[in-house]
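Me: I am new to this structure and would like to go through it by question and answer. Please show it before we start.

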Amino acid sequence: MNIWNAVALTVLLAGSVAAAPLKAGDKAPDFTMPLSNGTTFRLSDNLAKAPIILYFYPKDFTPGCTREACTLRDAYPHFQDFKATVIGVSYDSIKTHRRFARENGLPFPLASDADKKVAKAYGVDGILFAQRATFIIDKRGVIVWANPKVDPSKHSAELEEALKKFVGK
């Protein structure tokens with residue numbers, strides 16, 4: 001394989017050549033997306049309910065994404081202690097999200113970013129899949145915690161620690 005084919009393959013698998021992921025201290029871009037529970041979520045309309053955990057993941061029904069969603073499901077009561085709103089985001093359709101949420105007993109909704117605009121705004125877009133990343137957004141619409149390299153098996157524990165640090169009880 002020549003160097004240009006290797007570069008093209010890397011971009012295809014890892015994502016587009018895009019802006020860096022947003023980081024703590026950045027203003028969270030507003031967005032509106034359809035949710036798996038039949039409603040629509042607009043960030044600016046929900047800031048009063050902050051903190052908002054916005055987690056991007058590549059694809060429903062893949063092993064890593066299923067493990068991540070289920071660990072977040074299991075930790076959901078702890079997130080509720082902080083009055084956190086959890087929203088999972090991928091490029092999958094609402095129909096696929098509904099099935100994924102139902103089959104895994106997810107207590108939080110999943111958002112469809114089929115046009116990839118939200119992932120792009122947060123700097124986590126890819127050609128085929130959103131990159132795995134998570135942001136905690138406060139009532140001012142500011143990202144107070146960001147993890148652009150989420151490990152699905154440690155995700156819920158990291159979120160709990162971040163909520164304790166940035167939100168408190």
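Reply: Two strands pair if DSSP finds at least two bridges between them. The model shown here is predicted.

Me: Which residue takes a positive phi in the hairpin of β6 and β7?

Reply: Strands β6 and β7 (residues 143-147) run antiparallel and are joined by four bridges. Their hairpin has five residues between the strands. The residue there with a positive phi, near 80°, is Gly141.

Me: What is the bridge partner of Ile52 in β6?

Reply: β6 also runs antiparallel to strand β3 (residues 52-56), with five bridges joining them. Within β6, Ile52 has as its bridge partner Ile137.

Me: Is strand β6 largely enclosed or largely open?

Reply: Buried means under 20% relative accessible area. Ala133, Phe135 and Ile137 point one way from β6, Thr134 and Ile136 point the other way, and all are buried. Because five of the five residues of β6 (residues 133-137) are buried, the rest of the structure leaves this strand largely enclosed.

Me: Which elements give two or more residues to the largest nonpolar core?

Reply: That core has 24 residues, and among those that touch the most other members are Leu54, Phe56, Phe135 and Ile137. The elements giving two or more residues to this core are β3, β4 (85-90), α5 (117-121) and β6.

Me: How many residues are in the second, separate core?

Reply: Its members include Phe100, Ala101, Leu106 and Leu159. The number of residues in this second core is 23.

Conventions: Residues are numbered from 1 along each chain as its sequence is written. This is a predicted model: local features need pLDDT of at least 70, side-chain atom pairs count only at pLDDT 80 or more; totals for chains, interfaces and linings use all residues. Side-chain values use heavy atoms; hydrogens and water are left out. Buried means under 20% relative accessible area, exposed over 50%, partly exposed in between (1.4 Å probe, protein chains only). A nonpolar core is a set of buried Ala, Val, Leu, Ile, Met, Phe, Trp, Tyr and Cys residues joined through side-chain atoms within 4.5 Å.
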